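This briefing goes with the sequence and model shown below. The points are grouped by topic and can be checked against the coordinates.

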Amino acid sequence: MTKKKNKKNTRPSSAAAPAIAIQSGETIESASRPIVAAHTIKGVDDSGNFYNGHEELATAQLRHQDEFYKANRLFWSSGGYNGKTDDEAMVGDGGADADGVDGLAFLDRYLSDNHDAKRKFDHAVDLGAGAGRVTKLILLKRYSEVRLVEGDEGWSKRSRVYLGRKRAERCSFSNQRLDNITAEDVRNWGEPADLMWVQWTLQYLIDVDFVDCLRILSGGLRKGSGILIVKENRPYGVAREDRFQMDVPSTVGGNERYDLTRNDSHHRFLFHKAGLKVNFMERGEETNTYALSVSV
C-alpha cells in the first residue's frame, strides 16, 4: 500500500461545511460530530453499481477482496503511477513537495493547539510508506527515529535510496502489508510510537480491513500521548459529497486497481468502529486530514 492523489475530480467543492478559514483551499472543522448509522453510508462504483448502505458495500468488498488486493499489488509492483520521479510515482503528479509542506503545517498546528508536556518526539511510524516521501518531508523534521512500513518489497528497498544515507540511518524498515498486519507485528517494532502517519493508503483497504488495521495499529501508540494521523481523499467537485466513490479493477481497459474515496461521515464511522476518536480535523480541497487518539 502506498500513496495516491485523487485524479477523478477537477473542481474544488463549493459546498464546504461551516468552518474557520486557515489558508486558501484549506479549512479547519469541528473534531466532534455524531457517528452516522450504517444504513446512511451509500455510494457508487465506476461500473455503475449503487450501494444502498454499508452492509451492501461490505458484502461486495468481501466477495471481491482477493481480486481487489491482487490488482493493487500488481499496480504498485509495476511502478504505481510511473512518474518521472519517485514522488510522481507515489502521488500521480508533481505536488509532493507542496503536500509535504501542508502536512508539516498540519502537524505543527495540532501540536501547538494540543500542548502536552508529557509528549515525546522519539519514535514515528510511516504506514504505507512507499518511497518514504512523508518520512523525508515531515516525520524526520520532528521525530528522532522513523519506522517505514511498506507492503511492496521493491518500494521498501527503494526508500533507502530515496532517503539517502544520513536520513536512512535514522530509520528502520518493515516490509509489511496493512491488510494483514497483526498485533505481534506491531509489538515487534519495539518502542511504542509517539506518532503514526498513514496517508493515501487506507483507500486501498476494504472497510473491514480498514477497521482491523487501525485497531491493531493503535495498540502500538504510546499510552496517553500517542497520535495517529490519517490523510485521505474525499469526494469533491462534481462528485456528491454524501456518497463514497469506489474504483474497481477492470479487465477491459480503464482502472487498474481498487480504491475507495470515503467522505467524512464514512471515515468517522470506521474510526469509531476501530476504537478511535477525532481530536483535530482539517478539510482541504481534495482531502480530509485527521488527528486521532484511542477512545477512553
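Helices (H or I, at least four residues) and strands (E, at least two) are DSSP runs, numbered from the N terminus. The model is predicted, so local features need pLDDT of at least 70 and side-chain atom pairs count only at pLDDT 80 or more, while totals for chains, interfaces and linings use all residues. Residues are numbered from 1 along each chain as its sequence is written, and side-chain values use heavy atoms, with hydrogens and water left out.

**Overall make-up**

- The protein chain has ten helices and 13 strands.
- Of the 296 residues in the protein chain, 54% are buried; buried means under 20% relative accessible area, exposed over 50%, and partly exposed in between (1.4 Å probe, protein chains only).
- The protein chain exposes about 13200 Å², of which carbon and sulfur atoms supply 49%; accessible areas come from the Shrake-Rupley method with a 1.4 Å probe, and for residues only the protein chains shown count as cover.
- Contact means heavy atoms within 4.5 Å. Among contacts in the protein chain between residues at least 6 apart in sequence, 71% join residues at least 24 apart.

**Helix H1**

- Helix H1 covers residues 54-63, and His54, Leu57, Ala60 and Gln61 are buried in this helix.
- The buried residues of H1 fall within an arc of 130° when seen down the axis, so they line one face of the helix; the arc is that of the directions from the helix axis to the C-beta atoms.
- Glu55 and Arg63 are exposed and sit on the face of H1 turned away from its buried side.
- The cover over the buried residues of H1 includes helices H2 (65-77), H9 (207-218) and H10 (264-273), together with strands E4 (50-51), E10 (243-247) and E11 (259-261).

- Asp45 belongs to strand E3 (residues 42-45).
- Asp45 is buried and has no salt bridge, and the nearest side chain of opposite charge, Arg63, is 8.7 Å away. For charge, Lys and Arg count as positive and Asp and Glu as negative; His and the chain ends are not counted.
- A salt bridge is a side-chain nitrogen of Lys or Arg within 4 Å of a carboxyl oxygen of Asp or Glu.
- The side chain of Asp45 makes a polar contact with the side chain of Tyr51 at 2.5 Å. A polar contact is a pair of N or O atoms within 3.5 Å; within protein, one must be able to donate a hydrogen and the other to accept it, and residues adjacent in sequence count only if both atoms are side-chain atoms.
- A polar atom of the Asp45 side chain also lies 3.1 Å from the backbone nitrogen of Gly48.
- With neighbours within four places in sequence left aside, Asp45 is in contact with Tyr51 and Met246.

**Salt bridges**

- Side chains of opposite charge can pair when their charged atoms come close.
- The count of salt bridges comes to 18.
- Arg268 and Asp264 form a salt bridge, with their closest N and O atoms 2.9 Å apart.
- Arg268 and Asp264 are four residues apart in helix H10, so about one helical turn separates them.
- Arg268 is buried at 5% relative accessibility, and Asp264 is buried at 10%.
- A network of salt bridges links Arg33, Asp264 and Arg268.
- Arg257 and Asp259 meet through their side chains in a salt bridge (3.2 Å, N to O), and both residues are buried.
- Arg243 forms a salt bridge with Asp242, at 3.4 Å between the closest N and O atoms. Arg243 is buried, with a relative accessible area of 19%, whereas Asp242 is partly exposed at 37%.

- Leu217 is in helix H9 and is buried, with a relative accessible area of 0%.
- Not counting residues up to four places away in sequence, Leu217 touches Leu127, Ile181, Val186, Trp189 and Met196.
- Leu217 and Asp185 are 32 residues apart in sequence, and their C-alpha atoms are 9.4 Å apart.
- Trp200 lies in the loop between strand E8 (195-199) and H9 and is buried, with a relative accessible area of 2%.
- Trp200 is not glycine, yet has a positive phi, near 50°.

**Pro34**

- Pro34 is in the loop between strand E2 (26-29) and E3 and is exposed, with a relative accessible area of 71%.
- Pro34 and Ser265 are 231 residues apart in sequence, with 8.6 Å between their C-alpha atoms.
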